[in-house]
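Please find my notes on the model below, as numbered points.

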Amino acid sequence: MTTNDSRRRTGYGGFNAVADGSEQTLQYDQKYEHRQEQDHQEFEAYPRVHMKEADDKNPIYGHKQWITGTDGPVVLVLTLMCAFTRLYQIGKRAMVTWDESHFGKFGAYYLNRTFYHDVHPPLAKMLIGLSELMAGHNGTFTFKGKYPDYVDYVFMRRFTALFGIALAPLAYITCLQLGMRRQACMLAALFVILDNGLCVISRFVLLDEPLLCFTALSLCAVAGFQNARQQPFSLNWWRWLVLTGVALGCVVSSKWVGLLAITLIGLYTVEELFGMYATRMPVRKATKHFIARALCLIAIPALIYAACFRAHFAILNRSGPGDATMPSAFQARLHGSPLSKQPFGVVYGSTLNLRSMSPGAGLLHSHAHRYPEGSQQQQITCYGHKDNNNNWVIIRQAMAEFNYTTEPLVAVRNGDTVRLLHEGTGAMLHSHSEFKAPVTTQDFEVTGYGKRKWADKNNDWRVEVVREDSTQTNGQLNAITTQFRLRHVATGCLLSAASTKLPEWGFRQTEVACTHSAGDKATSVLWIVERHINNRLPAVDMRPLVRNSFVSDFVRLNIEMARSNNALVPDKDKYNHLESDPWSWPFLVYPMRMLGSWKKGDIKYYEIGNPLLWWASTAACLLFPLQLVYYRARRLRRLTDAWAPGEELHFWNAAKLLWGGWALHYFPFFLMGRVTYIHHYLPALYFALLLLAFEIDFCCRRMFIRSVHSATILAWAVAALAVFYWFAPFTFGYVGDVMDLKHRQWMPTWNIYVDNNKL
């Protein structure tokens, strides 16, 4: 081997030659070659092969540039084909369709700058808001029924369809990066173009298009980085690494499903770093690799994610339907919020709304309903929404007959013993040691009991100020800025509201108890005065008085998003034609009607994938582990003659990303308790389609001559096109009677003609 030969090397599936003439690198390469010859390591982090060997096996591997004069026109043609399938008759149905009612409305909130709450991060919804702004929407349409003339819904759908169109060129470039023949790369892109499920989901104003696009971009970027790693710290290496981090930041900022893409690339990075350790790379160089990856794959996504929420808060600065999910201090800073102007210092006789500091607990609440067991006195709960039953009048323990409307104002201070009178029912906030709380049985029951004139010691509570966030530190109880405890005088327990929910008789509201077990600074025992009402006091602007903390608001909103997401549980007692379980997705057992009306004359869309591609890709994914076992068994038996030089490493480096992406985007849904739909499978499907094309290319190269290989790929493309065309009426919108479309129901569970499961 000459020195020049040792300098010109590339990884399997790589397209960039490395020219590293340092003695250390040459020794590292020779050491690696010796290890591979001795068969001491099955998969290396930096697999290499002579350029000549790569060229002889597959001419693609030897190209110094993966985009050549041939690839540009191919990418253009594939993009135009994908654009046709996504844009053809995209404005056919002038009605708000499926989840456009949600995400279109969220986009309008950005135009109105009104704060709202949703379970998803804001990036994709801000992009929808941008499309509405560019379309000239004024934010007044509520996204119900027919689109009015002043809403250019066709432009909005075309805007989001651009993300679906990008999947085809990204699929081609990704497969090219993974070392597949160009014919197979085109086949993979055609699979993406000709899948009915991916196509129909790209034709409406939804979050799925940006999610799929950024997921595909993440895969493409990490595949490009895998090729550039033979030139560490070069401009090309940094370009792909930074692009990977940016793509991960965008995908997780669109939906939390993006965390699965982060997991995939995280595992890939761990394997890569372990390979460096196993080959005894110098510590200094390995440390540089680790820092570079930490900066690009952790810091950049985190910064993008935080920046999206920063923009979200900056745009939505007006009071809206999502106020109640955020802390009171945040609500007070919103324009038009009832909390932004109110009396500051609390006095006796004021009407208060008390909010628990425990995330998701809500406001102290009562109603005329009673506990079915225990004392059977009036229920005390925490309720998450604004309601008159949240109003409590704070009165002095020693002066129950005091006339608060005429007598001098007296401030409520730290250490005062007070009573809380429920304004709606006249009951007092009460606790006792005789009965335990209905759910949290180690705590005492809290009830509404007694009248204002009763001298009942169990109605007495002591105010204990814990923290004051304003500049007024004189011990007075203030609205919003004062965190305090309410200690029951008779028993010494603390008024507590954790995340425990009452049963149906308690309307699933949060249980309120009196606890000895919680710490004095636990959020469950901390309260604030969210709203202060007293006509005898002047209302002040609260915005200069409350503390502004982006970090606390950012953390709180993410906690509330998680709580809302976990609350989306399916009702097993009710049939919903939209829902389906994860086990059914790869086999296309339960496609989904995208609208409720399925009559003649209605424009009908059906979320059904291309059955040929779904079933074939599922077979490829399920058989892949067996394929690995087979090849491992052959290696243990020293039957390695079937592999060309470097072919085994190339197989692993490409397949691990594709199969790993499918597995990580599919199997976690079995662990989720939330409601699931078939469109949740689409990110996993993207990986599965590319894996199918990879397996076709891999098997054909090992089994057939080039002409048969090409004919096989052509046959797959024609078959995919035929099946796509067969189900195209439901992709582009079918107006007629579905019974006129014969032979479309290939499985008895499909509800194309009749919904047999509907009650």
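1. Which residues does Y172 touch, not counting residues up to four places away in sequence? Y172 touches D71, V74, V75, L78, R182, C185, M186 and A189, where contact means heavy atoms within 4.5 Å. This is a predicted model, in which local features need pLDDT of at least 70 and side-chain atom pairs count only at pLDDT 80 or more, while totals for chains, interfaces and linings use all residues. Residues are numbered from 1 along each chain as its sequence is written, and side-chain values use heavy atoms, with hydrogens and water left out.

2. The largest nonpolar core has 159 residues. Such a core is a set of buried Ala, Val, Leu, Ile, Met, Phe, Trp, Tyr and Cys residues joined through side-chain atoms within 4.5 Å. Buried means under 20% relative accessible area, exposed over 50%, and partly exposed in between, with a 1.4 Å probe and protein chains only. Y172, F191, W662, Y686 and L690 have the most contacts inside this core. Helix α19 supplies its largest share, 15 residues. A second, separate core has 36 residues, among them A332, Y348, V412 and W527.

3. Helices and strands are DSSP runs numbered from the N terminus (H or I, at least four residues, for helices; E, at least two, for strands). In helix α8 (residues 167-177), eleven of the eleven residues are buried, so this helix is largely enclosed by the rest of the structure. Y172 is one of the buried residues of α8, which also include L167, P169, T174 and Q177. They pack against α4 (71-87), α7 (153-165), α9, α11 (208-228), α12 (235-254) and α19. After α8 comes G179, with a positive phi near 85 degrees.

4. Helix α9 (residues 182-193) packs on helix α19 (residues 682-703) at an angle of about 150 degrees, and their axes are 9 Å apart. That makes α9 roughly antiparallel to α19. Axes are lines fitted to C-alpha atoms, for helices over the stretch in contact, and angles run from 0 to 180 degrees between N-to-C directions. Angles under 35 degrees count as roughly parallel, over 145 as roughly antiparallel, 65 to 115 as roughly perpendicular and the rest as oblique. On the α9 side the contact is made by A184, L187, A188, F191 and V192, and on the α19 side by Y686, L689, L690, L692, A693, I696 and D697. By class these are eleven nonpolar, no polar and one charged; Ala, Val, Leu, Ile, Met, Phe, Trp, Tyr, Cys and Pro count as nonpolar, Asp, Glu, Lys and Arg as charged, and the others, Gly among them, as polar.

5. Helix α6 (residues 123-134) and α7 also pack with their axes 9 Å apart, at an angle of about 140 degrees. The two are therefore oblique to each other. L127, I128, L130, S131, E132 and M134 of α6 meet F155, M156, F159, T160 and F163 of α7. This contact has eight nonpolar, two polar and one charged residues.

6. Two residues other than glycine have positive phi: L588, at about 55 degrees, and H743, near 60 degrees. L588 is in the loop between α16 (550-566) and β17 (592-593) and counts as buried at 0% relative accessibility. H743 lies in the segment after α21 (728-732) and is exposed, with a relative accessible area of 63%.

7. T269, in helix α13 (residues 258-278), counts as buried at 10% relative accessibility. Leaving out residues up to four places away in sequence, T269 touches R293 and L297.
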